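Open the model in your viewer and keep the sequence beside it.

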Amino acid sequence: MEAWKEQGIPLHIVLRGVEKSFDSYEARPRKRTMKTLFYCQEEVEAQYAEWVEARVGSSPSADGREVDSDKTPFSFDAISEHLKRNRDTLSELANTRQQDDLSETLSRAAALLGEIEADFVSDARLDTRKLEDSLTGLERMLNDSMLSVVNATALTALKNEIKDQLKPYRSHMETAVYNQTFNNLLLKRLREQFAVPRLSLFYV
């Protein structure tokens with residue numbers, strides 16, 4: 001972790017790289033376990049390189065509108081498609097799920113995402129920083145709802161599974177980084193369970 005700090009790599013980039021490394025490892029299991037976070041080095045550096053590139057310049061859309069790429073390198077059209085696709089997905093999930101707190105939250109999130117999409121399209125200058133803040137707020141709302149409806153026994157089992165997964169390299173992680181990584185992996189598993197999409201511009 002100290003080596004990444006010295007390179008000036010932001011914490012959220014490190015966490016994303018670590019998470020993607022776990023995904024890659026789980027998809028193709030090896031005979032040997034991951035002993036240290038150095039396994040994640042290449043992915044963390046790749047994520048950092050993408051992030052740096054995304055902060056340089058701006059990406060024009062097909063109609064000539066300029067997107068502030070402080071948060072994303074994608075065009076206006078790509079972001080619009082991302083918002084529409086997720087709005088449709090949330091609406092479909094809400095309609096197919098039995099009525100509960102999560103179904104209500106999915107419906108509310110879909111409606112709010114529609115408003116965000118309309119505001120995004122109407123802005124003369126596309127402020128992706130503001131957009132990302134709004135999407136992060138919706139994700140928090142969905143996260144809280146998933147945690148409220150998941151079976152308590154299943155949640156405990158999932159937490160124990162993640163603790164076991166992180167145990168080999170717990171000693172190499174600062175407490176704050178460990179806790180954030182744990183929460184990220186937990187929410188990732190819940191999103192997979194409930195088929196809830198990522199709304200962040202990082203997933204355009």
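On this tour, two residues are in contact when they have heavy atoms within 4.5 Å of each other. Keep in mind that this is a predicted model.

**Stop 1: the whole chain**

Show the protein chain as a cartoon. You will find eight helices and two strands. Follow the chain from the N terminus: the elements run α-α-α-β-β-α-α-α-α-α. Now colour by burial. Of the 204 residues in the protein chain, 42% are buried. Take the contacts with a separation of 6 or more: 70% of them join residues 24 or more positions apart.

**Stop 2: two packed helices**

Two packed helices are described by the angle between their axes and the distance between the axes. Select residues 76-96, helix α4, and residues 101-122, helix α5. Their axes come within 8 Å and cross at roughly 160°. Angles over 145 degrees count as roughly antiparallel, so α4 and α5 are roughly antiparallel to each other. The crossing of α4 past α5 is left-handed.

Show side chains at the contact. From α4, pick residues including F76, I79, L83, L90 and A94. From α5, pick residues including L106, A110, L113, F120 and V121. What classes of residue make up the contact of α4 with α5? There are 12 nonpolar, six polar and three charged residues.

**Stop 3: the core**

In soluble globular proteins, nonpolar side chains tend to be buried together. Here, the largest nonpolar core has 37 residues. Select L90, L106, L131 and L190: these have the most contacts inside it. Which elements give two or more residues to this core? They are α4, α5, α6 (128-149), α7 (152-166) and α8 (175-194). The largest share, eight residues, comes from α8.

Zoom in on L131. Set aside its neighbours within four places in sequence. L131 is then in contact with I79, L83, I116, F120 and L201.

**Stop 4: L102**

Move to L102, in helix α5. Is L102 buried or exposed? Buried means under 20% relative accessible area. L102 has 1% relative accessibility, so it counts as buried.

Which residues is L102 in contact with, leaving aside neighbours within four places in sequence? Select R97, S145, M146, V149 and F194. Finish with M146. L102 and M146 are 44 residues apart along the chain, yet their C-alpha atoms are separated by 6.3 Å.

Conventions
Residues are numbered from 1 along each chain as its sequence is written. This is a predicted model: local features need pLDDT of at least 70, side-chain atom pairs count only at pLDDT 80 or more; totals for chains, interfaces and linings use all residues. Side-chain values use heavy atoms; hydrogens and water are left out. Axes are lines fitted to C-alpha atoms, for helices over the stretch in contact, and angles run from 0 to 180 degrees between N-to-C directions. Helices (H or I, at least four residues) and strands (E, at least two) are DSSP runs, numbered from the N terminus. Angles under 35 degrees count as roughly parallel, over 145 as roughly antiparallel, 65 to 115 as roughly perpendicular and the rest as oblique. A crossing is left-handed if the near helix is turned anticlockwise from the far one by less than a right angle, and right-handed if clockwise. Ala, Val, Leu, Ile, Met, Phe, Trp, Tyr, Cys and Pro count as nonpolar, Asp, Glu, Lys and Arg as charged, and the others, Gly among them, as polar. A nonpolar core is a set of buried Ala, Val, Leu, Ile, Met, Phe, Trp, Tyr and Cys residues joined through side-chain atoms within 4.5 Å. Buried means under 20% relative accessible area, exposed over 50%, partly exposed in between (1.4 Å probe, protein chains only).
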